[in-house]
Amino acid sequence: MIIDFKLTYPSGTATAHLINSFHTPQGAKLAKKQVRTLGKFFSFSFLWGFFQWFFTGGDGCGFVNFPTLGLKAFENRFYFDFSATYVGVGMICPYLINISLLVGAILSWGIMWPLIGDRKGDWYSAEYPSTSLHSLQGYRVFISIAMILGDGLYNFFKVLGHTIFGLYHQIRDKNSRSVLPVGGRTSSPTDSLSYDDQRRTQLFLKDQIPLWVAIVGYITIAIISAATLPHIFSPLKWYYIVVIYIFAPTLAFCNAYGCGLTDWSLASTYGKLAIFVIGAWAGASHGGVLAGLAACGVMMNIVSTASDLTQDFKTGYMTLASPRSMFVSQIIGTAMGCIISPCVFWLFYKAFHDLGVPGSQYSAPYALVYRNMAILGVEGFSSLPKHCLTLCYVFFIGAIVINGIRDIVGKKWARFIPLPMAMAIPFYLGAYFTIDMCIGSLILFIWEKIDKAKADAFGPAVASGLICGDGIWTLPSSILALAGVNPPICMKFLSRKTNARVDAFLT
């Protein structure tokens with residue numbers, strides 16, 4: 001992938017250039033300033049999260065429920081929720097992503113859902129609450145899924161086409177040799193390589209991981225997974241896992257190769273494929289929903305690890321790092337994750353009783369989407385509300401058409417066409433986080449107009465500080481919740497009419 005095919009791996013290469021730039025006098029000086037900037041905004045974000053906590057003493061309280069654009073807009077999830085995290089994410093994400101999110105929010109919560117809501121009693125039963133999948137929530141979730149699947153399938157076949165085309169040319173090239181960082185052979189750099197590349201190749205191949213270690217390790221992990229996972233998820237039979245592990249290496253190779261060409265990991269698409277295949281195989285009567293979701297987790301872990309690790313190997317290749325040291329570090333990090341991740345989940349699960357509930361602070365939106373994909377794969381389309389399937393077809397085809405137009409018009413005009421995948425996310429989440437992210441984009445845009453050099457140098461540090469500080473505050477807030485320490489104030493907003501009724505009731 002890295003030496004013979006010379007794949008780009010843009011993210012890994014960019015990371016390597018950033019690391020290499022730190023090891024120059026000018027780069028070291030800039031890095032110190034960036035760290036100081038990150039520390040300042042980390043402290044600000046952490047203290048802002050601490051300040052907000054005092055006003056969240058009840059359901060629907062606090063700055064996260066501030067109706068900045070009015071109560072009617074708030075009902076349709078259009079408001080700024082003062083989240084430092086999303087403002088920081090907006091500063092990091094490209095402008096097109098943020099604009100696409102806003103377009104999706106306006107199209108769904110501004111136009112479609114109010115219109116479909118007016119059809120209550122006709123298109124869906126008025127007996128169901130709006131959060132039921134048999135009512136308005138069904139349109140929100142399944143139309144969003146249709147767009148995500150349309151975008152995912154388009155990019156899957158696009159990247160697969162790039163992969164097959166690239167592999168065809170690599171195999172046709174007689175000078176190519178099959179040397180990867182795992183293997184038992186050595187390769188001498190060709191004369192056409194620069195001295196730097198020769199040096200990188202020499203160091204990269206010196207610490208190879210023997211091929212038998214890779215094969216034995218994979219088989220061992222497959223046996224452990226097949227033996228343990230059915231005890232955790234009983235509908236996921238051992239032979240489902242064996243089938244996944246048989247086909248996963250081919251898909252992992254395609255994902256790693258495609259990621260090297262396009263910087264796009266399609267792990268979630270392969271996970272959705274596992275949901276539908278394993279879910280349909282198991283069937284509704286044998287826990288197909290749970291089996292499909294568990295299979296999705298297994299497939300995504302295998303396939304995403306392949307592309308992520310190869311990105312890291314590319315960074316190591318560019319920075320003269322030992323691939324063996326990197327791989328050992330990955331193993332140590334994974335082992336730590338096996339302990340830390342469940343502990344963090346347990347902390348959230350015990351501290352926040354509405355974890356995963358739609359509309360709560362930690363709603364876990366993708367959990368709802370993937371679960372309903374599994375239901376769709378097992379039960380079919382019979383559970384959808386009226387006209388929902390027709391709208392799903394329209395948006396599925398629309399996502400493919402928009403992507404096709406983006407590729408046809410070229411990069412110059414594609415930057416003005418929104419991305420269907422980004423548009424789909426606010427369809428079921430709402431517009432609040434898109435407004436936060438657009439504000440982050442606006443801050444960066446104005447900063448670039450005033451001083452582009454400083455914005456380029458310190459923008460990522462500011463964004464990272466905002467994200468990290470807000471994220472770290474979650475840990476002490478969870479500990480306070482576990483200890484039974486509740487916020488002292490509930491800041492809530494009412495309309496004038498409702499407020500008069502409340503005053504009259506209290507009187």
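**Nonpolar patch**

I looked up a nonpolar patch on the surface of this predicted model, formed by F381, Y393, I397, V401, I405, I408, V409, W413 and F416. Together they have about 960 Å² of accessible area (Shrake-Rupley method, 1.4 Å probe; for residues, only the protein chains shown count as cover). Patch residues have over 30% relative accessible area and no salt bridge, and nonpolar side chains (Val, Leu, Ile, Met, Phe, Trp, Tyr) are joined within 5 Å. A salt bridge is a side-chain nitrogen of Lys or Arg within 4 Å of a carboxyl oxygen of Asp or Glu.

Helix 14 (residues 388–409) gives the most, with six residues. Helices are DSSP runs (H or I, at least four residues), numbered from the N terminus. I checked I408, which lies in helix 14. I408 counts as exposed because its relative accessibility is 74% (exposed is over 50%, buried under 20%, partly exposed in between).

**Numbering and limits**

I count residues from 1 along each chain as its sequence is written. Local features need pLDDT of at least 70, side-chain atom pairs count only at pLDDT 80 or more, totals for chains, interfaces and linings use all residues, and side-chain values use heavy atoms, with hydrogens and water left out.

**Helices 6 and 13**

Next I looked at helix 6 (residues 136–172) and helix 13 (residues 365–379). They pack at about 85°, with axes 10 Å apart (axes are lines fitted to C-alpha atoms over the stretch in contact; angles run from 0 to 180 degrees between N-to-C directions). Helix 6 and helix 13 are therefore roughly perpendicular (65 to 115 degrees). Contact (heavy atoms within 4.5 Å) involves residues including F142 of helix 6 and M373 of helix 13.

**S108**

I found S108 in helix 5 (residues 95–117). S108 is buried, because its relative accessible area is 0%. Leaving aside neighbours within four places in sequence, S108 is in contact with W113, P114, P426 and F427.

Definitions and conventions:
Patches are made of residues with over 30% relative accessible area and no salt bridge: like charges are joined within 9 Å, nonpolar side chains (Val, Leu, Ile, Met, Phe, Trp, Tyr) within 5 Å. Helices (H or I, at least four residues) and strands (E, at least two) are DSSP runs, numbered from the N terminus. Buried means under 20% relative accessible area, exposed over 50%, partly exposed in between (1.4 Å probe, protein chains only). Angles under 35 degrees count as roughly parallel, over 145 as roughly antiparallel, 65 to 115 as roughly perpendicular and the rest as oblique.
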